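Here is a short report on the inside of a protein model.

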Amino acid sequence: MRRRTFCASGLTALVYASLPYSRVCAAAGDDVAAMSLGGEQRVLKPTDIDDFRASLRGQLLMPGENGYESARKVWNGAFDRKPALIARCAGAGDVTRAVSFARTHELLTAVRGGGHSLSAQSACDGGLMIDLSPMGSIRIDPLARTARVEPGVLLGQFDREAQVFGLATTAGTISHTGAAGLTLGGGFGRLARKYGLACDNLAAVDLITADGRFLRASAKENPDLFWGLRGGGGNFGIATSFEYRLHTVGPTVFGGALIYPFTGARELLRSFADFDAHAPDELYVDVLLVTNPDHQRVAVFDVCYCGSLAHAERAVAPLRSLGKPLHDGLGRAPYVELQRSGDAGFPHGRGYYVKSGYVHGITAEAIDVAVDYLESSPLDTSVIAFSNLGGAINHVKPEATAYWHRAVTRDVLVAGFWDDRSGAERPTQWVRGIWPKLEPLTNGFYVNTGVSDDTQRRVRAAYGDNYPRLVALKKRYDPTNLFRLNANIKPT
Ligand SMILES: Cc1cc2nc3c(=O)[nH]c(=O)nc-3n(C[C@H](O)[C@H](O)[C@H](O)COP(=O)(O)OP(=O)(O)OC[C@H]3O[C@@H](n4cnc5c(N)ncnc54)[C@H](O)[C@@H]3O)c2cc1C
């Protein structure tokens, strides 16, 4: 039996009719235009859409329907993508049905966890967006020190739940990032030097593959797949549950921001680089060169010491002695508070353009390029950040998981920001301007931040010598490349 299909009307219908891939309906029962995997137009029958909608426990949203506009939005406001359909999945069953619908109709398919993809690959124009954000359950087992986390969970939610029990695992530094995308690509942050990447802390993953199978991947079950899921991004299927190992952390740790004047940044960073080469694994220091809307330039050390509080002051003392800070915000703080401390700087909806690559330490050459370039930045808001890696990440062999770049100790990231008023042109050009100077100093790219332009050269460099094994895995689990909106491993 046919159910009522939604139809846009009046002005809304006119707007949609002007879009290249939109619902072409003006009356109930019309066909729907969508984008295929190969980029051609597909026509979806209303009966098929109705059946798909009825099969879901969650919602199916189309342009013009309540909730569609907010569901299609992702973190990076530079992108304004309009999927033909959004399946808001309530559970693994919905994910299976959505994958089956995408496969049957050969639809361009985007997978959304937390929506933080820098290049907005979790949204698509005209295709099917499989939205996992309603899947938000977290189960902490304080006795086994494990967590079971669904793919719509954000890092801050995970931290808050685990910290009730004094536990945590490696997460990123901005708490509104999704756990799913971050973990599948690797995942580093304040605890990574001590406990390894987020993906190193995985014990098991539940996955729906392109052919609709449910598989569990762990050291014992489908170990090849488990290998690929730790650093291979979203290439092999849709993860519906992650099982992590947890560690005793906090709830109070030592950290905060040390802010220095930009004058003297070159010498500051050079002295820091000497200290950095021998820093303990418990100490995490992101180094940021920042311009802010008052056109002030500063150098920031974003610090977290996750070891014993009794040793914290001693561990950070060399940092404090590097210069005379404008602000010394170091002290005891709840771990969840530190994890939220950078959030306001990276709000949803603003436009961002980013380039990044791994480096071996903060070299004098990289310091010169970064300091000179930020000094002349014409932008209200711009950042050059050297994120901290190393420590336990380096102790895992590159071929032990799909995450290849184990030897590097920093990821340098350059970001330009804008809002509607200031526009994309200048920030984008600014970031592009530094990259020819900085890229020759890099050594590979991070799947989650370094391949946003998705050129094949960068993708290959991100996966390093693990690439041939990843291709073999892709052929096995996703031979038609249904999951291609990612740092894509081509099955051929
Ligand atoms: C402000 C900001 C701060 C960041 N800080 C850090 C950091 O400190 N450390 C770090 O390591 N990274 C960091 N990142 C990068 C981050 O790891 C990636 O953006 C990551 O993709 C975010 O995951 P998400 O689920 O929010 O993204 P989404 O946009 O939802 O997904 C990104 C991609 O991941 C895949 N994916 C997502 N969920 C699933 C799933 N369940 N199954 C299969 N594939 C899936 C899809 O291919 C999708 O295109 C940061 C990003 C931003 C924007």
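## The second largest pocket

Strand β21 (410–418) and helix α13 (425–438) each supply at least two residues of the lining of the second largest pocket. This is a predicted model. The lining has 13 residues in total. Asp-380, Thr-381, Phe-417, Trp-418 and Ser-422 lie nearest the pocket's centre.

## The cavity

How many cavities of 30 Å³ or more does the structure hold? There is one. The largest cavity has about 40 Å³ of space.

Its lining includes Gly-185, Gly-231 and Tyr-358. The run Ala-402, Tyr-403, Trp-404 and His-405 also lines the largest cavity. So do Phe-445, Tyr-446, Val-447, Ala-462 and Tyr-463. Nine of the lining residues are nonpolar and three are polar, with no charged residue.

## The nonpolar cores

The largest nonpolar core has 98 residues. Which of them touch the most other members? They are Phe-158, Leu-289, Phe-301, Leu-319, Ile-384 and Phe-386. Helix α12 (residues 364–375) gives the most to this core, with seven residues.

Take Leu-319 as an example. Leaving aside residues up to four places away in sequence, Leu-319 touches Leu-258, Tyr-260, Phe-272, Phe-275, Val-285, Phe-301 and Val-303.

A second core is separate and has 28 residues. Among them are Ala-84, Val-99, Ala-210 and Ile-238.

Technical notes
Residues are numbered from 1 along each chain as its sequence is written. This is a predicted model: local features need pLDDT of at least 70, side-chain atom pairs count only at pLDDT 80 or more; totals for chains, interfaces and linings use all residues. Side-chain values use heavy atoms; hydrogens and water are left out. A nonpolar core is a set of buried Ala, Val, Leu, Ile, Met, Phe, Trp, Tyr and Cys residues joined through side-chain atoms within 4.5 Å. Buried means under 20% relative accessible area, exposed over 50%, partly exposed in between (1.4 Å probe, protein chains only). Helices (H or I, at least four residues) and strands (E, at least two) are DSSP runs, numbered from the N terminus. Contact means heavy atoms within 4.5 Å. On a 1 Å grid over the protein atoms alone, a cavity is a set of points where a 1.4 Å probe fits but cannot get out, and a pocket is an open set with protein on both sides within 12 Å along at least five of seven lines; lining residues have an atom within 4 Å of a point. Grid points are joined across faces, edges and corners, and a volume is the space filled by probe spheres set on the points. Ala, Val, Leu, Ile, Met, Phe, Trp, Tyr, Cys and Pro count as nonpolar, Asp, Glu, Lys and Arg as charged, and the others, Gly among them, as polar.
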